[in-house]
Amino acid sequence: MTHPTAVREAARLIAIEAARAYVANIRPIDLNNPGVLVGHLMAAETLLMDIVTAHTEPTEGAAR
């Protein structure tokens with residue numbers, strides 16, 4: 001699905017801002033608690049996948 005350039009740019013900014021906000025709100029992590037570590041890794045992976053998706057989806061009028 002293609003989206004207008006302005007919509008794609010907004011999606012990119014939102015994805016990056018979500019990752020930045022997540023990292024900014026991480027407090028000291030208990031490295032002895034594997035559940036917390038896995039949770040942070042899974043959240044980070046999801047945020048990174050959102051960033052990749054926002055940057056790889058085609059925009060309207062883009063060459064295919």
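Colleague: Where does Leu31 lie?
Modeller: Leu31 is in the loop between α1 and α2. Helices (H or I, at least four residues) and strands (E, at least two) are DSSP runs, numbered from the N terminus. Please note that this is a predicted model, in which local features need pLDDT of at least 70 and side-chain atom pairs count only at pLDDT 80 or more, while totals for chains, interfaces and linings use all residues. Residues are numbered from 1 along each chain as its sequence is written, and side-chain values use heavy atoms, with hydrogens and water left out.

Colleague: Is Leu31 buried or exposed?
Modeller: Leu31 counts as exposed because its relative accessibility is 65%. Buried means under 20% relative accessible area, exposed over 50%, and partly exposed in between (1.4 Å probe, protein chains only).

Colleague: Now the inside. Which residues make up the largest nonpolar core?
Modeller: That core has five residues: Ala15, Ala19, Leu47, Ile51 and Ala54. A nonpolar core is a set of buried Ala, Val, Leu, Ile, Met, Phe, Trp, Tyr and Cys residues joined through side-chain atoms within 4.5 Å.

Colleague: What does Ala19 touch?
Modeller: Not counting residues up to four places away in sequence, Ala19 touches Leu47 and Ile51. Contact means heavy atoms within 4.5 Å. Ala19 is in helix α1, and Ala19 counts as buried because its relative accessibility is 17%.

Colleague: How far apart are Ala19 and Leu47?
Modeller: They are 28 residues apart in sequence, and 5.8 Å apart in space from C-alpha to C-alpha. With neighbours within four places in sequence left aside, Leu47 is in contact with Ala18, Ala19 and Tyr22.

Colleague: A change of topic. How many salt bridges does the structure hold?
Modeller: The structure holds two; a salt bridge is a side-chain nitrogen of Lys or Arg within 4 Å of a carboxyl oxygen of Asp or Glu. One of them joins Arg12 and Glu9, with the closest N and O atoms 2.9 Å apart. Glu17 and Arg20 also form a salt bridge, at 2.8 Å from N to O.

Colleague: Where do Arg12 and Glu9 lie?
Modeller: Both lie in helix α1, three residues apart, about one turn of the helix. Arg12 is buried because its relative accessible area is 15%, whereas Glu9 is partly exposed at 37%.

Colleague: What else does the side chain of Arg12 reach?
Modeller: The side chain of Arg12 reaches the backbone oxygen of Ala54 at 3.0 Å.

Colleague: And how many helices and strands are there in the protein?
Modeller: The protein has two helices and zero strands. Of its 64 residues, 14% count as buried.

Terms used
A polar contact is a pair of N or O atoms within 3.5 Å; within protein, one must be able to donate a hydrogen and the other to accept it, and residues adjacent in sequence count only if both atoms are side-chain atoms.
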